[in-house]
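Here are some notes to read beside the structure. They take up a pocket and then some helix packing.

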Amino acid sequence: MKFFIDTADIAEIRDLAATGMVDGVTTNPSLVAKTGRNFLEAIAEICEVVPGPVSAEVTATDFATMLTEGRKLAKIASNIAVKVPLTWDGLKACKALSDDGIMVNVTLCFSPSQALLAAKAGASFISPFVGRLDDISIDGMDLIAEIRQIYDNYETLATEILVASIRHPRHVVDSAKMGADVATLPPNVLRALANHPLTDKGLDAFLKDWAKTGQSIL
Ligand code: E4P
């Protein structure tokens, strides 16, 4: 399973990329706004740090302007995945950009029928938002299971399921169990994956016992 990180904060991206766990990055207009940085410059810098797919989202809502924006974003680096919203204009833009050989991430997916359309439009990635569904008392992980089942029925659907709007490690574990291709994690969730109180407790005990031996490995 691939891990992307869901942030536009270059310091966080550098720090987490150094762990070797980061296969790509997703951004959205809200995450870019949080950094206060110039969008195009920030995306170019991220693409230099992470060689895997870096999602950069269009902000137009009509097909023609989405296409122009998408083509401009794709020129920033070869690892750009242009992110388009799951609207009819977004799907048309997805098809046109995919036909140009550009990776497309279709975002704001909340239903299996939307995911089916994105795959037919040639999306490289579909981003179902599990946390936002949980927020309205609909189990977001059920959507991942349904999309996995649909995509697995048709060899021609090559779109990768990129689980988005992840809130906690359980979302990541359940995504992996369901065979999702990618999870995009907020930095705090990626860090939390390694945490366990018994690990801390066990390490503490080992180090105390080791200190009693008075030995040193080096
Ligand atoms: C990723 O591509 C999405 O934009 C992101 O995961 C949304 O997460 P949120 O629901 O926490 O804003």
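Which element gives the most residues to the lining of the largest pocket?

1. The model is a predicted one, and the points below should be read with that in mind. As to the question, helix α2 gives the most to the lining of the largest pocket, with 4 residues. This helix spans 29–35, and together with β5 (103–109) it is one of the elements that each supply at least two lining residues.

2. The largest pocket holds about 360 Å³ of space. Its lining is made up of 20 residues, and those nearest the centre are D6, N28, L31, F129 and R132. By class, the lining comprises 7 nonpolar, 7 polar and 6 charged residues.

3. The remaining points concern helix pairs. Two packed helices are described by the angle between their axes and by the distance between those axes.

4. Helix α6 (residues 112–120) packs on helix α8 (residues 140–152) at an angle of about 40°, and their axes are 9 Å apart. Angles under 35 degrees count as roughly parallel. The angle of about 40° therefore makes α6 oblique to α8. The crossing of α6 past α8 is right-handed.

5. Which residues of α6 and α8 meet? From α6 come P112, A115, L116 and A119, and from α8 come L143, E146, I147, I150 and Y151. This contact of α6 with α8 has 8 nonpolar residues, no polar ones and 1 charged.

6. Helix α8 also packs with helix α9 (residues 169–178), at an angle of about 20° and with the axes 10 Å apart. That angle makes α8 roughly parallel to α9. Here too the crossing is described by its hand: α8 passes α9 in a right-handed crossing. On the α8 side the contact is made by M141, I144, A145 and R148, and on the α9 side by H171, D174, S175 and M178. The residues of the contact of α8 with α9 divide into 4 nonpolar, 2 polar and 2 charged.

7. Helix α1 (residues 10–17) and helix α3 (residues 39–49) have axes that come within 10 Å and cross at roughly 5°. That makes α1 roughly parallel to α3. In this pair I10, I13, R14 and A17 of α1 meet E45, I46 and V49 of α3. The contact of α1 with α3 contains 5 nonpolar residues, no polar ones and 2 charged.

8. To recap the helix pairs, α6 is oblique to α8, α8 is roughly parallel to α9, and α1 is roughly parallel to α3. Helix α8 takes part in a contact with α6 and in a contact with α9.

Terms used:
Residues numbered from 1 in each chain as written. Predicted model: local features only at pLDDT ≥ 70, side-chain atom pairs only at ≥ 80, totals over all residues. Heavy atoms only, no water. Axes fitted to C-alpha atoms, helices over the stretch in contact; angles between N-to-C directions. Parallel < 35°, antiparallel > 145°, perpendicular 65-115°, else oblique. Left-handed = near helix turned anticlockwise from the far one by under 90°. Contact = heavy atoms within 4.5 Å. Nonpolar A, V, L, I, M, F, W, Y, C, P; charged D, E, K, R; others polar. 1 Å grid on protein atoms, 1.4 Å probe; cavity = no way out; pocket = protein on both sides within 12 Å on 5 of 7 lines; lining within 4 Å. Points joined across faces, edges and corners; volume = space filled by probe spheres on them.
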